[in-house]
Amino acid sequence: MENLPKNEHLKFDLYKAVVIGVSAGGLNALKQVLALMPAGFKLPVIIVQHLHPDQDHSMVEILDRCSALRVKEAEEKEPVAPGLVYLAPPNYHLLIELDGTFSLSIDAKVNFSRPSIDVLFESAADAYCPGLIGIILTGASSDGAAGLRRIKDGGGMAIVQDPAGAEYSIMPSAAIEATEVDYILDLQGIGKLLAVIGREKTRELKTQN
Amino acid sequence: MRKEEIEDIEINLLLQGIYSRYGHDFRNYARGSVKRRILNFMAKVDQKTVSGLISLVLHDEAFFEKFVRELSITVSEMFRDPEFFKLLRNQVIPYLKTHPFIKIWHAGCATGEEVHSLAIVLKEEGFYERSTIFATDFNDSALMNAREGIYPMERMQEFTANYQRSGGTGPFAGYYRAAYGAAIFDPSLRKNIVFANHNLATDGVFSEMHLVVCRNVLIYFDRNLQNRTLKLFRDSLAHGGVLALGSKEDLQFSEVAGDFKILDAKWKIYQKTSI
């Protein structure tokens, strides 16, 4: 993992949340990333995966089985809690309010998508930046590119899956095109980076107590 | 101060100004979606700051009308959540049929896609002639669209698929005629629908309803406004009346939870048990 960042470049005390946007090829990519995140991970992870509107809950169940963290569907007005992985429900946009709760909308599709990655990322940037980590994974869409730029403009961290190894390279490439991203990594690298951030966060919280 | 924080102050001022000037109350709306719509509108009218928008909205009524339309319209689809409409057809309507005559309130009908869907179900179940539907929204231009029942032809494929999956019994194309790239829905569907302006944030109850349908409206409200609205529905329903909410809208943690029992947990269909 020669391209893993040096720890001193990371501002661990800053980070409050992780948002992930993923489309085609998402199930496999998410399985790999979530499998690398250790139990006790101290940040909420909020995911928009483009889905068919009538998709059932099987995605949540599959991901829950392969992660040490609890994976659930985000519910309207639910407070965002650290250490949980949330998926946007099919056919609704997922937003984060300034008070750290989820809200949903059935507003028009954005980038032909509902849920849209941009909608999540932009509202999350308002709620968490500069303490937000935004990640774009595989997909055949340009959704998420504008949202990732907003995160970066707000002082957050931008991570993109290396298009060369992505199942679908269009979405990662669009994100890299739109933003000066902090890290371009393969799925293993992203999982490990998150694990490092999670571990340091735990240490920092212990020191504080 | 961060740019976002300043913008938040500006949005508070804008919403307060709209309330004082026009009586439309968006102050208790979930902020995330409101902000998105405001920023979209600013891009359309080429305004750089919310403060710039405030002046236009307060001084120019026609401009405000345009703005309020952007702020409030939800473009729905016909037979959104086909499974819900199947339940309505197979579980709720048989119960309603035990009444000689029923009143339905469709609250927040926007441009009317769902109320037309409801009318179709009632027709196919042979109960339309014994029903009166009050379809309300606070947005007059959306109500005008709902009254016309004209939707883009390009959406018919999606609507037809939804209709078929909801247990529809007729050819869907029999309910509209195509003209100029639009689908014009049959006026007979609207014969027993009364369209009216009603604002859930500021207006009062309807009396003795047998069914209240209000789907995906509460998600745009904060907890206070949600509770206000749910009490309005409770007080508008007859004993034993049915309340249908959106699939992500739960009564469980609201102030009226004790007044209802659950008929369907997944699709959020409730029955009023209090007097």
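Student: Quick one to start: of the 209 residues of chain A, what percentage count as buried?

Tutor: 53% of them count as buried. Buried here is when 20 or more other C-beta atoms, placed from the backbone, lie within 10 Å of a residue's own. Keep in mind that this is a predicted model, where local features need pLDDT of at least 70 and side-chain atom pairs count only at pLDDT 80 or more, while totals for chains, interfaces and linings use all residues. Residues are numbered from 1 along each chain as its sequence is written, and chains are lettered from A and ligands numbered from 1 in the order in which they are written.

Student: And chain B, how much of that is buried?

Tutor: For chain B, buried residues make up 42% of its 275 residues.

Student: How many helices and strands does chain B have?

Tutor: Chain B has nine helices and ten strands. Those are DSSP runs numbered from the N terminus, helices being H or I with at least four residues and strands E with at least two.

Student: Why call chain B as compact as a globular protein of its length?

Tutor: Its radius of gyration is 20 Å, close to the 19 Å that the globule rule gives for 275 residues, so it is as compact as a globular protein of that length. The radius is taken over C-alpha atoms, and the rule is 2.2 Å times the number of residues to the power 0.38.

Student: At what angle do H4(A) and H5(A) pack?

Tutor: Helix H4 (residues 145-153) and helix H5 (residues 170-178) of chain A pack at about 40 degrees, with their axes 8 Å apart. The axes are lines fitted to C-alpha atoms over the stretch in contact, and angles run from 0 to 180 degrees between N-to-C directions.

Student: Which residues meet there?

Tutor: From H4(A), Ala145(A), Ala146(A), Leu148(A) and Arg149(A) meet Ala174(A), Ala175(A), Glu177(A) and Ala178(A) of H5(A). Contact means C-beta atoms, placed from the backbone, within 7 Å.

Student: New topic: how many residues does each chain give to the contact between them?

Tutor: Chain B gives 16 residues and chain A gives 18.

Student: Which element of chain B gives the most to that side?

Tutor: H2(B) does, with four residues.

Student: And how do the residues on chain B's side divide up?

Tutor: They divide into four nonpolar, five polar and seven charged. Ala, Val, Leu, Ile, Met, Phe, Trp, Tyr, Cys and Pro count as nonpolar, Asp, Glu, Lys and Arg as charged, and the others, Gly among them, as polar.

Note on methods: Buried ≥ 20, exposed ≤ 12 C-beta atoms within 10 Å, placed from the backbone. Contact = placed C-beta atoms within 7 Å.
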